[in-house]
Amino acid sequence: MGVAKKTRKFAQMKRVIGQRDSRLKKNQMTGAVEAQKKAQAEAPKREIPQAPSSMFFMANQALGPPYSVLIDTNFLSHTVRAKLDLQTALMNLLYAKATPIITSCVMAELEKLGPKYRIALRIARDERWERLKCDHTGTYADDCIVDRVMKHRIYLVGTNDRDLKRRIRKIPGVPIVSVARGKYVIERLPDVPDSR
């Protein structure tokens with residue numbers, strides 16, 4: 001048997017506990033504080049959001065002609081694909097005057113999408129539609145639309161986005177307009193009570 005070779009150990013230094021080590025007292029304290037915050041976040045919430053006075057059970061009494069329709073980016077692109085006129089198709093659907101409302105973040109999203117969506121952008125830039133300025137940072141339109149609908153339930157929302165539809169369905173009293181089978185369809189528009 002040969003002699004075992006010993007490798008020389010160089011640059012060896014004393015091992016020191018790191019600043020983030022869980023054995024240090026200051027890190028044990030922050031861990032307890034974070035665990036307490038996590039427990040508070042997981043605790044069930046006991047408050048119920050205040051429903052607006054226009055909501056009667058699940059029917060939104062604030063909705064009435066002329067309707068205000070918040071338009072999403074993909075709703076415009078589906079409108080172009082289906083070769084629909086925005087104003088006349090909305091009037092045929094709702095049997096009343098409808099005002100398409102386009103927010104500045106929807107315009108920014110359309111501009112970002114490039115030349116493929118130039119016709120949808122041209123439709124959005126039409127002077128007949130109402131414009132809303134957004135005061136939030138970024139150009140993510142879904143959060144903006146959901147936030148507006150939560151604050152004021154006077155809007156219908158025009159979208160074909162599944163995620164946005166799912167989020168809006170959780171808000172009672174907000175109808176959703178979408179493009180399907182070459183025309184506009186609506187879900188959850190309350191029936192107009194008879195005035196007898």
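Helix α4 (residues 104-113) lies across β3 (67-71), β4 (98-103) and β5, and runs at about 65° to β4. Likewise, α7 packs on the sheet, where α7 touches β6 (155-158), β7 and β8, and its direction makes about 150° with that of β7. Contact here means heavy atoms within 4.5 Å; axes are lines fitted to C-alpha atoms, for helices over the stretch in contact, and angles run from 0 to 180 degrees between N-to-C directions. Helices (H or I, at least four residues) and strands (E, at least two) are DSSP runs, numbered from the N terminus.

The model is predicted, so that local features need pLDDT of at least 70 and side-chain atom pairs count only at pLDDT 80 or more, while totals for chains, interfaces and linings use all residues. Residues are numbered from 1 along each chain as its sequence is written, and side-chain values use heavy atoms, with hydrogens and water left out.

The sheet is open and is formed by six strands in the order β5-β4-β3-β6-β7-β8, with mixed pairing, two strands being paired if DSSP finds at least two bridges between them. Its edge strands, each pairing on one side only, are listed below.

| Edge strand | Residues |
|---|---|
| β5 | residues 130-132 |
| β8 | residues 183-187 |

From one strand to the next the twist averages 30°. Strands β7 and β8 run antiparallel and are joined by five bridges, and isoleucine 176 stands opposite glutamate 187 in β8.

Proline 175 lies in the loop between α7 (162-169) and β7 (176-180). Proline 175 has a relative accessible area of 0% and is therefore buried, a term that means under 20% relative accessible area, with exposed over 50% and partly exposed in between (1.4 Å probe, protein chains only). The C-alpha atoms of proline 175 and arginine 188 are separated by 5.0 Å, although these residues are 13 residues apart along the chain.
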